[in-house]
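Colleague: Before the details are discussed, please show the sequence and the structure.

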Amino acid sequence: MGRTALLTAGALICVLLGGCGKSDRPGLEVDGDLGEIGTASGEAGARDAARAYLDAWASGNSTIACGLLTAAKAREFGTKFGDGTCPSAFTGVWNRMSESARKAYADVQITEVKVSALGGGPQSAKVRVSQKLDGPLNKDDDFTWRYESGRWLTKEDPEG
């Protein structure tokens, strides 16, 4: 079967099945961008951001992973593990992750999201996952987030 026929068949399958549009898990797309990820306040937004962050580590999407770090953490991570930029640090750490670790990030379930806002300040959230993860979460099963500038961002330090 020729290349054109394969592309046509693929497009037809997408149309017939109603798929091939926007993914409900954009972090799994290597070239996906932040878009609306984590912009909703409250538990739903924190859960959305956490899922996309985990998926970004599973798929190798530095745009989403770095975009969901606070600016200070992205700079620190880039300096500590890369050439001073978060994407270079991400690529280096991601390349050292085993396939089983990447799969674990894609498959892990978010089991709990606790959102709080003390004293009227910005919302923060603790997100717990179903298992401890090797790699960037450094064998932790929870990580913290803060809602700032209209998006949930993690303030956890990815480990190399």
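The questions and answers below concern a predicted model.

Colleague: In what pattern do the helices and strands follow one another along the protein chain?

Modeller: The protein chain holds six helices and four strands. Read along the sequence, their pattern is α-α-α-α-α-α-β-β-β-β.

Colleague: What percentage of the contacts between residues at least 6 apart in sequence join residues at least 24 apart?

Modeller: The protein chain has 160 residues, of which 39% count as buried. Among contacts between residues at least 6 apart in sequence, the share that joins residues at least 24 apart is 57%.

Colleague: Which elements are included in what covers the buried residues of α4?

Modeller: An α-helix has 3.6 residues a turn, so residues three or four places apart point the same way. In α4 the buried set is Lys73, Ala74, Phe77 and Gly78. Their cover includes α2 (42-59), α3 (62-67), α5 (86-96) and β4 (151-154).

Colleague: Against which helices do the buried residues of α5 pack?

Modeller: Cys86, Ala89, Phe90, Val93 and Trp94 are the buried residues of α5. They cover an arc of only 125 degrees around the axis, which puts them on the same side of α5. The face turned away from this buried side carries the exposed residues Asn95 and Arg96. The buried residues pack against α2, α3, α4 and α6 (99-107).

Colleague: How do the residues of the contact of α2 with α5 divide into nonpolar, polar and charged?

Modeller: The axes of α2 and α5 are 9 Å apart and form an angle of about 65 degrees. That angle makes α2 roughly perpendicular to α5. Ala56, Trp57, Ala58 and Ser59 of α2 make the contact with Phe90, Val93 and Trp94 of α5. The division is six nonpolar, one polar and no charged.

Colleague: With which residues is Leu34 in contact, leaving aside its neighbours within four places in sequence?

Modeller: Leu34 is found in the loop between α1 (3-17) and α2. Its relative accessible area is 18%, and because buried means under 20%, Leu34 counts as buried. The C-alpha atoms of Leu34 and Ala49, 15 residues apart along the chain, are separated by 9.4 Å. With those neighbours left aside, Leu34 is in contact with Thr63, Ile64, Gly67, Leu68 and Arg151.

Colleague: What is the relative accessible area of Thr85?

Modeller: Thr85 lies in the loop between α4 and α5. The C-alpha atoms of Thr85 and Cys66 are separated by 9.4 Å, and these residues are 19 apart along the chain. Thr85 is partly exposed, with a relative accessible area of 37%.

Colleague: What is the phi of Ser149?

Modeller: Ser149 is found in the loop between β3 (140-148) and β4. At 81% relative accessibility, Ser149 counts as exposed. Most residues other than glycine have a negative phi. Ser149 is not a glycine, yet its phi is positive, at about 55 degrees.

How values were computed
Residues numbered from 1 in each chain as written. Predicted model: local features only at pLDDT ≥ 70, side-chain atom pairs only at ≥ 80, totals over all residues. Heavy atoms only, no water. Buried < 20%, exposed > 50% of the residue type's maximum accessible area, 1.4 Å probe, protein only. Helix = DSSP H or I, 4+ residues; strand = E, 2+ residues; numbered from the N terminus. Contact = heavy atoms within 4.5 Å. Axes fitted to C-alpha atoms, helices over the stretch in contact; angles between N-to-C directions. Parallel < 35°, antiparallel > 145°, perpendicular 65-115°, else oblique. Nonpolar A, V, L, I, M, F, W, Y, C, P; charged D, E, K, R; others polar. Arc of directions from axis to C-beta.
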